Amino acid sequence: MYGLMAFRHLKNRVPQPQLASPSSFNFSRLVHSFSFATVKAEELSGSQPAEVLNLVQGNWIGSSNRNTIPDPLNGESFIRVAEVDEKGIQPFVESLSKCPKHGLHNPFKSPERYLMLGDVSIKAAQKLSLPEVSDFFAKLIQRVSPKSYEQALGEVFVTGKFLENFCGDQVRFLARSFAVPGNHLGQQSNGYRWPFGPVTIITPFNFPLEIPLLQLMGALYMGNKPLLKVDSKVSLVMEQMLRLLHECGLPVEDVDFINSDGKTMNKLLLEAEPRMTLFTGSSKVAEKLALDLKGRIKLEDAGFDWKILGPDVQNEDYVAWVCDQDAYACSGQKCSAQSMLFMHENWSKSSLIEKLTGLASRRKLDDLTVGPVLTVTTKEMLDHMKKLLEIKGSKLLFGGEALENHSIPAIYGAIKPTAVFIPLEEILNENNYDLVTKEIFGPFQVVTEYKQNELQLVLNVLEKMHAHLTAAVVSNDPLFLQEVIGNSVNGTTYAGLRARTTGAPQNHWFGPAGDPRGAGIGTPEAIKLVWSCHREVIYDIGPVPQNWQTPKPT
């Protein structure tokens, strides 16, 4: 979820490690230690498992219920998560209930907290800027959600830049109000950004630091009391980050942190009735929560993200490289990953597919440029591919095989970067559409071609899609860009020769469009939209006009 170039800014700051073979994945021992950290990424193993605790009402607590997480690279039980069961949710329900609807702070209450959180952001940003701290989190991310070091470090970089953006007075600037003159002397209307109070945050596995941290801080900045739940497979990363935030001055009572299964969390939500919930994850769960929570929810759910290559073919090497990054970085486990590529016939005549095939072949398990898929098994991905290849005119462009010579457990997926070509007319076939546009959260994409006079057919495919997160229109033809952008919806759309689908840095909005429940992340606009509501206060203090008399009834 970060810009493709982000890690380049870090190469001179952080030494690039030489990763060991994935079968053992033993990192070189760090020479430093941190007062906030309770683990060392390079020592996580079946013989030295990490422990993940819960945080409620200012206390770190364990649980008799342990969820043992298998190492995604070798299957060893390398993390023990203290998961709260349905009998243990009451302290979390009580903690949320103690927060009033008007929040921990607002423009009229405890405004010093805006300054406090600005100071916390300063100190946390400073810590993440230290090479040894950013290296610690990058390696920890790699261990729980295997991806290349550059990808993991880029996630830390974006998180640090976000914190820098909200240092000092920038937190209180989020609560900037406005005033409008009234109808008579002493009357004035004022608009304020108001917190919801008790809120919950539920985030997935694929960005263990960036997504939960950015949403958590946004919730805090606006005056809310958040309960955070991160996918247990990767919650160790945010547990360590919370400890860092406490060291930077965040009051331990401000945030609760829970590990649980989905059923338990659902029960907690129904009992606690948070004023707002932010959910990032699958569309199926999102729709259930929207009903259960009676609409008090913001969603950043699944994305079947598309890229259109326009008629102007140029810079083939660069465009091919971005396509490869968009589809296969992090093994395709980004909500913004390129799921479908529409090639203008001019691109079909170029060397693009040949270049994509070559780039995909460079990806190796040794450096985690391809790796375990944590939510889809190898069999499920290959079975899906076989169904696609039954469609008339379809063909396998590259990949389509399981990774070899590894010890990734069978509960996870492991396939080579894969692309399947499907004719455009077959995608529009009602019997095929749902199958072709099914999101596979792994290194898998569908490729198709359109003729010069078939752009409307492409737009028809887009109109039928249900997820509208990211998109890319790769062209410098302004009329082509205008046509596609004007007839599509995706909330984060990149346009131009260098357009990509993956990229959620801290400097622009990232989120879906076309859904009133859609959530954003990273920017002041996103924070205010997701984590506050509008409140109007109309002052009418007089004076009452002299010689005023009671008027006739109306």
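Select Lys147 and Phe207 to begin: Lys147 lies over the face of Phe207, at 4.3 Å from the ring centre. The model on the screen is a predicted one.

Arg535 lies over the face of Trp194, and the distance to the ring centre is 4.5 Å.

**The sheet**

Next, display residues 187-194, which make up strand β7. Strand β7 belongs to an open sheet of 3 strands, in the order β6-β7-β20, with antiparallel pairing. Colour β6 (178-181) and β20 (533-540) as well; these strands stand at the edges, each with a single partner, so one side of each has no neighbour in the sheet. From one strand to the next, the twist averages 20°.

Now examine the contact between β6 and β7, which pair in the antiparallel sense over 4 bridges. Strands of a sheet pair through backbone hydrogen bonds. Select Val180 and look across to β7, where the bridge partner of Val180 is Ser189.

**The aromatic rings**

The whole structure holds 15 aromatic pairs. Select Phe36 and Phe137, whose rings are stacked, with 6.0 Å from centre to centre and 5° between the planes. Phe36 lies in the segment before β1 (50-52) and Phe137 in helix α3 (residues 131-144), so this pair ties together parts that are 101 residues apart in sequence.

Phe136 and Phe137 form an edge-to-face pair, with 5.0 Å between the centres and 75° between the planes.

**The cysteines**

Finally, turn to the cysteine sulfurs. How many disulfides are there? The count comes to 0. Cys335 counts as buried, at 7% relative accessibility.

Then select Cys533 and Cys99. The closest cysteine sulfur to that of Cys533 is in Cys99, at 13 Å, again too far for a bond. Cys533 is partly exposed, with a relative accessible area of 27%.

Conventions. Residues numbered from 1 in each chain as written. Predicted model: local features only at pLDDT ≥ 70, side-chain atom pairs only at ≥ 80, totals over all residues. Heavy atoms only, no water. Pairing = 2+ DSSP bridges. Helix = DSSP H or I, 4+ residues; strand = E, 2+ residues; numbered from the N terminus. Axes fitted to C-alpha atoms, helices over the stretch in contact; angles between N-to-C directions. Disulfide = S-S within 2.5 Å. Buried < 20%, exposed > 50% of the residue type's maximum accessible area, 1.4 Å probe, protein only. Phe/Tyr/Trp six-rings, centres within 6.5 Å; stacked < 30°, edge-to-face > 60°. Lys NZ or Arg CZ within 6 Å of the ring centre and 35° of its normal.
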